[in-house]
Amino acid sequence: MKNHPLKNTSRRQFLQHGAAVTGAFVVGMYLPFTSDAATSAINDPALANAWVRITPDNQITLICARSEMGQDVYTSMPALIAEELNLPLSMIRVEIAGVAPVYINALLGGQITGGSTSVREGFDKLRIAGAATRSVLVQAAANRWNVPATQCKALNGKVSHANGMTATYGELAAEAAKLPLPEKPELKSPANFMVIGKQSMRRLDTPAKVAGKAVFGIDVKIPGMAIASLAQCPVIGGTPMTVDSVNAMKVSGVIKVVQISDGVAVLANNFYAARKGRDALKITWNEGAGATITNAGMRKQLESGLSKPGAIIKTVGDAGSNITNGKTLSAQYFMPYLAHSTMEPVNCSAEVANGKCRIIGPIQFQQGAQAVAAVASGLKPEDVTVETTFLGGGFGRKLELDFVRQAAEISKASGMPVKMLWTKEDDITHDFYRPMSVHQMDGALTASGKLSALTAKMVSQSVTARAFPSFVKDGNDPFMVEGSANLTYDIPNIEIRNVIEDAGIRVGYWRSVSNTLNAFAVESFMDEAAKAAGKDPVEFRLASLQKEPRAVAVLKLAVQKSGYQAKSKNFGVAQMEAYGTYSACIIELDPSASSTKVKKITFVSDCGITIHPDQAKAQLTGGILYGLGAALYDEITIEAGRVQQSNFNNYPSIRMNQAPIVDVHLVPSQEKPGGLGEVGVPLVAPALVNAIATATGHRIRELPIKT
Amino acid sequence: MTVSFNLNGNTIQFEGDPETPILWVLRDHLDVTSPKYGCGAGLCGACTVHLDGAAIRSCSIPISEAAGKKVVTLEGLPEKVGQALQSSWVEFDVPQCGYCQTGQMMSAAELLAKKRQPNTEEIKNAMSGNICRCGTYARIEKAVKRAADKLV
């Protein structure tokens with residue numbers, strides 16, 4: 001989104017660095033309110049409160065403070081620092097950061113990987129960190145050689161002077177560490193980039209991942225560790241009342257059974273035994289208020305929410321007076337609950353011992369992890385360390401903290417280091433679900449077939465009301481407006497309202513969050529309006545996009561690349577802005593197939609300056625297939641409080657033989673970077689139902705399509 | 001009870017519940033973590049290893065079935081095959097999160113053992129038991145073809 005509601009622009013960043021006993025040089029960027037404890041930590045190179053570490057042997061380590069879950073931060077974050085250090089990526093080593101205030105994501109207010117913010121937030125910050133480091137390395141060389149700094153050049157790990165003197169960054173590190181860092185170091189001009197934007201750039205995590213050596217949460221091993229399988233109430237929110245663990249303890253390999261606040265954990269020396277022991281438990285549950293929840297009831301509640309006024313999130317002109325003028329149309333759309341369904345099921349390792357708590361796992365929100373682990377272990381946050389592994393998919397699920405708390409509780413209760421691993425079934429039935437939503441859309445057309453008024457009302461649960469309640473003000477969840485408040489269409493009269501209805505099931509941020517809900521309603525409705533106006537869907541959109549040249553450019557390129565012809569059958573179109581990136585999607589169906597079969601998806605984005613073009617396309621492609629699978633197959637339904645889906649058989653994922661051709665193009669752009677991790681997801685469903693409408697005349701207003 | 005089998009060329013004597021799936025013997029008893037747990041039901045392929053040369057879902061087959069047989073994980077592939085697959089995967093920067101990729105490569109290894117130069121349809125059919133939630137399928141297809149070229 002263009003103006004992030006959580007952004008705190010008053011946090012002016014400044015630089016600070018220090019020398020260490022070993023002569024290593026570390027530099028970190030601090031927020032002004034960084035605590036004394038963290039400030040002193042920077043002087044200890046053994047701690048990771050820094051972006052850069054250079055040792056005398058010229059080993060250069062760049063710190064990645066965002067969680068690598070496939071979206072390439074393990075390469076793109078260090079690349080931003082390396083660019084200003086004039087270092088090829090082949091010269092650096094990457095380390096994943098621990099938890100510290102220095103790593104707070106200024107766009108989100110916490111050390112969080114999410115919201116497609118990593119590059120957007122890091123683009124200036126990490127380049128400044130690199131440039132400041134380069135500046136003092138050059139100054140240290142200049143001092144050593146008694147020449148002006150302007151005559152020295154830093155490149156490929158060495159500072160050199162025209163008369164032949166050279167020194168490695170490592171040789172200069174100790175002297176550089178004593179120099180004051182410039183507050184506003186000069187950044188390289190994009191024309192001089194040697195790392196950023198290069199087609200030849202490679203992912204730094206690929207070699208470990210293809211050798212089976214990358215450590216995911218599930219691969220963590222702590223000496224003396226037990227493996228835990230946790231029985232949880234079939235109704236989310238339920239708690240154990242009575243536990244009979246006699247039979248569980250008889251299972252070979254089972255070590256212990258411990259009860260925690262929301263479950264009963266069986267600890268064993270292997271997962272199979274833990275799982276078998278768990279199946280042998282006899283537990284009676286207090287199912288709690290959730291036991292009466294049904295899917296039909298939740299949907300009815302949301303639909304009744306349409307009669308509430310809700311919060312006004314956008315007004316232009318006077319939609320109320322104009323919505324009944326001229327030719328009018330009206331439509332209602334419905335989106336189901338969805339699970340994240342990462343490949344790596346939820347897991348976390350914890351060791352609570354000797355007044356300390358160590359958390360290791362696939363985590364998207366490190367400070368939250370530290371805070372909940374502190375509460376669960378009865379310790380202070382500063383006694384909790386958080387180590388982030390590679391994530392076998394995140395999609396928002398691993399922003400949640402339930403599994404961190406559970407692992408800490410199990411370790412504390414058992415007195416053992418543990419790795420808690422959920423089954424896939426646990427994961428699907430105990431997710432934080434993408435909210436169900438209902439959308440009422442109304443429009444009025446002028447005689448010439450232009451939209452003169454648009455009203456939209458979305459009713460759904462609010463993730464933010466649960467996760468970050470203080471951000472919801474006057475019934476307005478700032479994340480529910482994604483995909484609607486940033487509407488790209490220039491329509492003279494607009495009114496958009498959101499209604500929050502708590503239907504009782506827990507909801508979470510799911511890849512692209514509300515963009516995926518609102519884009520389905522808006523872009524489906526735009527097609528319906530085009531049809532009512534007798535216009536071609538592309539032409540109809542372009543007529544309202546004249547103030548958005550980037551939106552026009554991506555849409556026109558998508559038309560060109562897809563072979564779209566005006567009013568052609570079997571094609572569907574959708575476009576939007578999300579996370580500062582403009583995108584257009586055109587889907588072509590295979591008309592020979594008996595049911596819905598996608599032949600080709602053409603997707604064009606303008607994401608501004610692109611750090612890693614090859615992986616930018618990979619992200620878009622992945623998001624597109626994630627969105628396609630959800631649109632075609634997936635829904636979570638609930639009966640008597642129990643989630644009805646459990647695994648890939650009834651909550652399917654796109655497989656290779658179902659994946660259509662995905663043709664992704666990036667529009668060259670010098671705009672500031674936009675997000676990429678999520679923007680592929682939301683346009684697929686509306687483009688698909690729009691294609692089905694042109695092919696069959698049948699308008700689908702509910703997902704999944706289930707053909 | 002003891003189950004004797006061969007893992008990547010080494011004889012292993014497994015002492016424990018013979019019903020334990022091969023996956024958990026590898027991961028929790030032998031610290032071989034390249035096969036991943038994804039679904040526990042043979043639906044996703046993240047746990048794929050070879051049992052006497054056939055790609056199997058190790059999450060769903062008990063270790064008792066491996067008795068007297070050869071279990072091969074990514075680490076134990078013939079060097080030439082492992083190299084061809086890994087270098088091709090690197091060439092196309094296939095992985096995103098990477099969690100499913102070891103299983104993908106084991107399915108690809110079985111395919112290439114059976115079919116020297118598989119066409120697109122054959123690759124899609126052979127690889128469709130392996131789910132990738134990151135959607136890397138197009139790159140996997142390219143990498144399989146490149147690996148096939150390297151092995152000719």
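This is a predicted model: local features need pLDDT of at least 70, side-chain atom pairs count only at pLDDT 80 or more; totals for chains, interfaces and linings use all residues.
Residues are numbered from 1 along each chain as its sequence is written, while chains are lettered from A and ligands numbered from 1 in the order in which they are written.

**Overall form of chain B**

- Chain B contains five helices and five strands; helices (H or I, at least four residues) and strands (E, at least two) are DSSP runs, numbered from the N terminus.
- Read from the N terminus, the order of elements in chain B is β-β-α-β-β-β-α-α-α-α.
- The radius of gyration of chain B is 15 Å, close to the 15 Å given by the globule rule for 152 residues, so chain B is as compact as a globular protein of that length. The radius is taken over C-alpha atoms, and the globule rule is 2.2 Å times the number of residues to the power 0.38.
- Along the principal axes, the C-alpha atoms of chain B fill a box of roughly 45 × 30 × 25 Å.
- Of the contacts in chain B with a separation of 6 or more, 63% are between residues 24 or more positions apart. Two residues are in contact if their C-beta atoms, placed from the backbone, lie within 7 Å.

**The two domains of chain B**

- Chain B is divided into domain 1 (2–75) and domain 2 (77–151), with bounds that come from an automatic or database domain assignment.
- The centres of these two domains of chain B, taken over C-alpha atoms, are separated by 20 Å.
- Their contact takes 16 residues from domain 1 of chain B and 14 residues from domain 2 of chain B.
- On the side of domain 1 of chain B that touches domain 2 of chain B, the elements giving two or more residues are β3 (48–51) and β4 (54–57) of chain B. β3(B) gives the most to this side, with three residues.
- By class, that side of domain 1 of chain B has nine nonpolar, six polar and one charged residues. Here Ala, Val, Leu, Ile, Met, Phe, Trp, Tyr, Cys and Pro count as nonpolar, Asp, Glu, Lys and Arg as charged, and the others, Gly among them, as polar.

**The contact between chains B and A**

- The contact takes 45 residues from chain B and 51 residues from chain A.
- Five helices of chain B, α1 (22–29), α2 (79–91), α3 (101–114), α4 (120–127) and α5 (137–151), each supply at least two residues of the side that touches chain A.
- By class, this side of chain B has 22 nonpolar, 16 polar and seven charged residues.

**Helix α5 of chain B**

- The 15 residues of α5(B) should span 21 Å at 1.5 Å a residue, and the end C-alpha atoms are 21 Å apart, which agrees. The expected span is 1.5 Å times one less than the number of residues.
- The buried residues of α5(B) include B:Tyr137, B:Arg139, B:Glu141 and B:Val144.
- Among the elements that cover the buried residues of α5(B) are α17 (613–633) and β28 (661–666) of chain A, together with α2, α3 and α4 of chain B.

**Selected backbone sites in chain A**

- A:Ser116 is not a glycine, yet has a positive phi, near 50 degrees. A:Ser116 lies in the loop between β5 (92–96) and α3 (118–145) of chain A, and counts as buried because it has 28 C-beta neighbours inside 10 Å.
- A:Asn156 also has a positive phi, about 50 degrees, although it is not a glycine. A:Asn156 is found in the loop between β6 (152–155) and β7 (158–161) of chain A, and counts as partly exposed because it has 14 C-beta neighbours inside 10 Å.
- A cis peptide bond, with omega about 0 degrees, joins A:Leu703 and A:Pro704. A:Pro704 lies in the segment after α18 (684–696) of chain A.

Conventions. A residue is buried if 20 or more other C-beta atoms lie within 10 Å of its own, exposed if 12 or fewer, and partly exposed in between; C-beta atoms are placed from the backbone.
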